[in-house]
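Hi,

Here is the structure I promised to send over. Have a look at it first, and then read on for what turned up.

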Amino acid sequence: MTGPLIDVHALRHELSGDDPPVLLDVRWALGGPDGAAEYAAGHVPGAVYVDLDTQLSRPRRAGEGRHPLPDPVALQEVLRDAGVRTGSRVVVYDAAASTSAARGWWVLRWAGLQDVRVLDGGLAAWTAAGFDVSTDVPLPDPGDVEVAPGALPVLDAAEVADLARSGLVLDARATERYRGDVEPVDPVAGHVPGAVNSPTTANVSADGTFLPADDLRARFAAVGVGSGAPVGVYCGSGVTAAHTLLALEVAGYTATLYPGSWSEWVADPARPVATGADPG
């Protein structure tokens with residue numbers, strides 16, 4: 001396996017080969033548009049649609065964040081229905097900037113799949129290269145993949161609180177949400193005390209492709225990554241934080257996701273909240 005990204009030309013070449021990767025369309029956006037409808041209107045030929053809300057997450061329980069990790073048995077069924085077999089190479093993509101595709105990448109890696117890559121630039125890059133899209137819905141032969149959850153570590157709320165003081169925790173949300181100026185989704189504004197802001201949107205170029213590895217290293221070094229301290233990442237609900245995990249891997253770093261993220265943190269009113277530009 002190479003790095004966690006694949007460009008459109010390499011993907012087109014692999015799809016035309018004798019052993020093409022399984023291709024998953026994971027288009028999603030907070031508040032819409034509907035990913036399934038976009039998939040139906042046109043997708044990379046051979047791609048199977050996977051729903052982030054219902055298949056890469058499970059229903060929320062009291063005290064949890066908005067996108068809890070999926071039930072392993074249910075996830076295994078989803079992946080088998082998509083044709084994923086033991087040892088399959090998998091490529092995930094979304095509309096452009098890989099925000100939701102990164103959640104798919106991280107969940108599949110957490111589930112024990114080894115060879116998972118994200119299409120850099122997503123469907124936008126595919127069509128910009130002049131490649132065709134399809135409205136045909138594939139019916140792959142059922143796979144036999146065995147999901148083994150826990151292949152990647154996670155942080156809980158108590159561990160995030162500790163790491164924000166003893167190591168480095170990155171808050172991947174927009175700066176105005178980090179500061180607590182606005183909070184369009186969750187009931188409380190602000191950030192985990194001690195967390196440092198590193199917005200996901202700064203991981204990519206204007207066309208939605210990831211910045212070069214050297215640029216990402218410089219970006220993360222500016223917020224303290226690479227100092228030797230362990231790194232944790234959170235966002236609003238564990239989706240865009242996965243994008244920063246992916247960017248960190250491209251840059252050569254490892255970090256740990258707090259899946260519950262801010263939506264879980266503020267579900268307990270006893271947990272402290274910081275506001276303003278300083279970590280607190």
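Let me start with a serine: a polar atom of the Ser134 side chain lies 2.9 Å from the backbone nitrogen of Asp136. Before you zoom in on that, bear in mind that this is a predicted model.

Ser134 belongs to the loop between helix 5 (122–128) and helix 6 (157–166). Buried or exposed, then, for Ser134? Buried: its relative accessible area is 13%, and the cut-off for that label is under 20%. If you leave out residues up to four places away in sequence, Ser134 touches Gly42, His43 and Pro45.

While you have Trp265 on screen, look at its ring. The charged end of Arg271 sits over that ring, 5.7 Å from the centre.

Ser261 is part of helix 10 (residues 261–265), and at 0% relative accessibility Ser261 is buried. Which backbone nitrogen lies 3.0 Å from a polar atom of the Ser261 side chain? That of Cys235. Cys235 also turns up in the contact list of Ser261, together with Tyr234, Gly236, Ser237 and Gly238, once neighbours within four places in sequence are set aside.

Five strands make up an open sheet, ordered 1-5-4-2-3, with parallel pairing. Strand 1 (5–6) and strand 3 (48–49) are the edge strands, and each has a single partner strand, so one side of each has no neighbour in the sheet.

Here is how some of the strands pair, going across the sheet:

- Strand 1 and strand 5 run parallel and share two bridges, with Leu5 opposite Val118 of strand 5.
- Strand 4 and strand 5 are joined by three bridges, again parallel, and Val91 has Arg117 in strand 5 as its bridge partner.
- Strand 2 (residues 22–25) and strand 3 are parallel too, with two bridges between them; Leu24 stands opposite Val48 in strand 3.

Helix 4 (residues 99–110) is where I would go next. Its twelve residues reach 17 Å from the first C-alpha to the last, close to the 16 Å expected at 1.5 Å a residue. How many of the twelve residues of helix 4 are buried? Eleven, so the helix is mostly covered. Among them are the tryptophans Trp105, Trp106 and Trp110, and also the arginines Arg103 and Arg109. As for what covers them, the buried residues of helix 4 pack against strand 2, helix 3 (72–81), strand 4 (90–93), strand 5 (116–119), helix 9 (240–251) and strand 9 (256–257). Strands 2, 4 and 5 on that list also belong to the five-strand sheet. Just after helix 4, check the backbone of Gly112, which takes a positive phi of about 100 degrees.

Last, the aromatics. Searching the whole structure gives three aromatic pairs. In one of these, the ring centres of Tyr39 and Tyr49 are 5.7 Å apart and the planes make an angle of 35 degrees, so this pair is tilted. Tyr39 comes from helix 2 (residues 35–41) and Tyr49 from strand 3, ten residues apart, and the pair links distant parts of the chain.

Cheers

Note on methods
Residues are numbered from 1 along each chain as its sequence is written. This is a predicted model: local features need pLDDT of at least 70, side-chain atom pairs count only at pLDDT 80 or more; totals for chains, interfaces and linings use all residues. Side-chain values use heavy atoms; hydrogens and water are left out. Two strands pair if DSSP finds at least two bridges between them. Helices (H or I, at least four residues) and strands (E, at least two) are DSSP runs, numbered from the N terminus. Rings of Phe, Tyr and Trp (its six-membered ring) pair if their centres lie within 6.5 Å; planes under 30 degrees apart count as stacked, over 60 as edge-to-face and the rest as tilted. A charge sits over a ring if NZ of Lys or CZ of Arg is within 6 Å of the ring centre and within 35 degrees of the ring normal. Buried means under 20% relative accessible area, exposed over 50%, partly exposed in between (1.4 Å probe, protein chains only). Contact means heavy atoms within 4.5 Å. A polar contact is a pair of N or O atoms within 3.5 Å; within protein, one must be able to donate a hydrogen and the other to accept it, and residues adjacent in sequence count only if both atoms are side-chain atoms. The expected span of a helix is 1.5 Å times one less than its number of residues.
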